[in-house]
Amino acid sequence: MTSTKTASYILSIIIPCLLGFGILVMKNQVQGLEKQLVVINKNIQDDIKTIHVLKAEWSHLNNPARLRKLAAKHISLNPIQAEQIINLSALPFEYEANDSRRDLAQRNISDYADQNKGLKKLAKAQR
Amino acid sequence: MFGKLFSKKDEDFYLPGEEIKIGKSCSFMNYTCAKDPLSVCKNRVAFSTLAFILVYAVIGVRLFEVCVAPNLHAAEQEEAVHLRAFAQNPIKRADITDRNGTIIATSLPTVNLYANPKKILNPERAAQRLVKVLPELKYNDVLRKLSGRGSFVYLKRNLTPSQQYQINYLGIPGLEFENGEKRIYPHKNLFAHLLGSTNIDNKGIAGIEKAENERLTQSDIPLSLTIDSGVQDTIHEHLSAAVKHFNAIGATAILMDVNTSEVIALVSLPDYDPNRSVNPNSRSYFNMATKGVYEPGSVLKIFNAAMSLESGKVKVSDSFDATEPLKLKYNVIKDYRGENRWLTVSEIMVYSSNIGSARMALKVGGAEQRQFMQKMGFFNELNFEIAEKSKPIFPKRWGEGTIATVAYGYGLALTPMHVITAFSAVVNGGIYHEPTLLKNSDKKNNGYRVLSYNTSKQMRDLLRLVVTDGSGKRANVLGYEVAGKTGTANKLSANGKYNSKVVRTTFVSTFPVSKPQYALLVMMDEPKGSQETWWYTTAGWNVVPTAAKVISAIAPQLNVKANYDLDEARQARIIEASYTR
């Protein structure tokens, strides 16, 4: 009975002291964090403002009229005309004039075979 | 507890003369209470101590949880914790972007300078020094404001950062700054009539700024439009050149996606720079595209033909008598350059015969004509996201004369936006959509059918004929299969009569006609003839070539596939070009 009694006395003194200290530390931390938060918020707002201004400037610099002027000054490209755009299938390749695709492929293959034969002969002669 | 400590001593020892106290053992023997009062007291004290310890323990555990526990596993929890500093956007009014996200209207953070005259010690001196920093202010005005009675007066809005610094440097007490914002339009004139502008309090006073004012102030998410700034600029450039070339007093052009009625570009000339608050002449503030109502002239023959074909009373192969002017009760209808013979429906379109169109309309009848015009939205103000809109002007009595004149475009005044929206419905397969400027509008899903698919197809063929064989020849851009209809309307002069010398010309077209994607309307007010146009002022000589230039420039930008057969000479050129570097 006596030991519990003394223990409870000691606890009832130490716990409030500890808690008091703990709360003090926490309050300090919170204040510090709050100060940080205010600074961060202000920085974010400043950044948002800056980004906004930069975006506006970027849009201003991308003004089509200005780009056209710059393009005319610095690069020799003209607006594209309808007749410059054409389907790939409409392009008249050589084989379309004379041979079918199949014939062309056949000819290419035999060309390669001839080339290979020639190379083999060359290799033999070198040995 | 404390009772117990003292009670022990008292039991067996008494000092001489000491009063014998009534002990708990002897004197209350006959007391029948179960517990003696001292132990009750002890128990209570023990209980309350326990309660305190419990409460403190709870606080302690919570403290541990808040302060220590998070730091123990800080590394693990870093991703799980979603604590975020939330900063409010300092810019209150949302940006406006085009369909590709290019900013076309934005607000810049600025500061406003105001004064509290009660706090100003020496108004004369303060005013003198202020005027030095801000030369645009007048000394007398500033002095009057600074020596006034109130406690708040604006001196200047929207200071530049350097001006703010200089004023701060003056160190005059009573001068204060307030955060503000200023609306700016980086593209200046380009979107003048579309966007409109805001007043000094950042409230929309025209255009989209006014119509969508609530949306722009409620959320800071940018508002995206259906406008394409590149296409808008191309059209603006070509139209300005045309206005100069033909010496017109005004012009407008609208480009619309025929399948959704999204407006891709909208230009009205003359225009103004919304960044400047000075008041130019009022004419440049007028939006011809949505505010102006005009008699469209022969362009309305498109809708007359569509209505006649849709009614089933007229077929494409039918012929109508155009040998001589049509005499009605009050007026006589003549052709501009009459063929003086019977004309088929396609010939009526190609030669733009007033007599033929009037006869078609009379055959179908007024009730059906009215009903069709109603479906096309010709009697109501458009539901469109620009503040400047007009209701069409139409006659209340719909007699024989009205039926005939409306058939070829007089007596009914529409805004160009009405015309192109209805035109889109005619060529896109017969579905009418309300025009829209907002990219995520649900209007494009709410179309309704006004024409059958077959009628729409017949109309496309007729309109293509106008461009290949009729008045739209100069708009036959190679590869893009343009189809359209011209209109030249005489303007009313001051005495209320039509003046044949002063005209308003319109060309409304679509491309590519085999599968329409875009509709373009070009209108010019009072174009003048020149030697180049043989002194003609009809649509075929001014708006049609302008539209051709516009289409050949914007079609590649809009990714419209060019479609044409190559002739041999061009084949040879392409081969040559692809093998030489």
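The model is predicted. Chain A has 127 residues, and chain B has 581.

**Chain A**

- Four helices and zero strands make up the secondary structure of chain A, in the order α-α-α-α along the sequence.
- Buried residues account for 10% of the 127 residues in this chain.
- Chain A has an accessible surface of about 10800 Å², and 62% of that area belongs to carbon and sulfur atoms.

**Chain B overall**

- Chain B contains 19 helices and 16 strands.
- Of its 581 residues, 49% are buried.
- When contacts in chain B between residues at least 6 apart in sequence are taken, 69% of them join residues at least 24 apart.

**Nonpolar cores**

- In soluble globular proteins, nonpolar side chains tend to be buried together.
- The largest nonpolar core holds 86 residues, and the members that touch the most others are B:Ile302 and B:Phe303.
- Helix α16 (residues 416-427) of chain B contributes the most to this core, giving eight residues.
- Domain 2 (96-224) and domain 3 (237-557) of chain B each supply at least three residues to this core.
- Another core, of 37 residues, lies apart from it and includes B:Phe246, B:Ile264, B:Val477 and B:Tyr518.
- Setting aside residues up to four places away in sequence, B:Phe303 touches B:Phe372, B:Met376, B:Phe378, B:Val419, B:Ala422, B:Phe423 and B:Val426.

**Helix α11 of chain B**

- Helix α11 (residues 301-311) is mostly covered, with nine of its eleven residues buried.
- The buried residues of α11(B) are B:Lys301, B:Ile302, B:Phe303, B:Asn304, B:Ala305, B:Ala306, B:Met307, B:Ser308 and B:Leu309.
- B:Gly312 follows α11(B) and has a positive phi, near 85 degrees.

**Cavities**

- There are three cavities of 30 Å³ or more.
- The largest cavity has a volume of about 50 Å³.
- Its lining consists of B:Thr290, B:Leu382, B:Phe384, B:Lys389, B:Ser390, B:Thr415, B:Met417 and B:His418.

**Selected residues in loops of chain B**

- B:Asp220 has a relative accessibility of 42% and therefore counts as partly exposed, the class between under 20% (buried) and over 50% (exposed).
- The C-alpha atoms of B:Asp220 and B:Ile91 are separated by 7.7 Å, although these residues are 129 residues apart along the chain.
- With neighbours within four places in sequence left aside, B:Asp220 is in contact with B:Asn89, B:Ile91 and B:Ala94.
- B:Arg149 is located in the loop between α5 (139-146) and β3 (153-159).
- B:Arg149 is classed as exposed because its relative accessible area is 80%.
- From C-alpha to C-alpha, B:Arg149 and B:Asn116 are 9.2 Å apart, with a separation of 33 residues in sequence.
- B:Thr260 belongs to the loop between β6 (250-257) and β7 (262-269).
- The relative accessible area of B:Thr260 is 18%, so this residue is buried.
- B:Thr260 is in contact with B:His433, B:Glu434 and B:Lys444, leaving aside neighbours within four places in sequence.

**B:Tyr139 in helix α5 of chain B**

- B:Tyr139 is part of helix α5, and its relative accessible area of 29% makes it partly exposed.
- The C-alpha atoms of B:Tyr139 and B:Arg129 are 9.5 Å apart in space, and the two residues are ten residues apart in sequence.
- Not counting residues up to four places away in sequence, B:Tyr139 touches B:Glu124, B:Ala127, B:Gln128 and B:Val131.

How values were computed: Residues are numbered from 1 along each chain as its sequence is written. Chains are lettered from A and ligands numbered from 1 in the order in which they are written. This is a predicted model: local features need pLDDT of at least 70, side-chain atom pairs count only at pLDDT 80 or more; totals for chains, interfaces and linings use all residues. Side-chain values use heavy atoms; hydrogens and water are left out. A nonpolar core is a set of buried Ala, Val, Leu, Ile, Met, Phe, Trp, Tyr and Cys residues joined through side-chain atoms within 4.5 Å. Buried means under 20% relative accessible area, exposed over 50%, partly exposed in between (1.4 Å probe, protein chains only). Helices (H or I, at least four residues) and strands (E, at least two) are DSSP runs, numbered from the N terminus. Domain bounds come from an automatic or database domain assignment. Contact means heavy atoms within 4.5 Å. Accessible areas come from the Shrake-Rupley method with a 1.4 Å probe; for residues, only the protein chains shown count as cover. On a 1 Å grid over the protein atoms alone, a cavity is a set of points where a 1.4 Å probe fits but cannot get out, and a pocket is an open set with protein on both sides within 12 Å along at least five of seven lines; lining residues have an atom within 4 Å of a point. Grid points are joined across faces, edges and corners, and a volume is the space filled by probe spheres set on the points.
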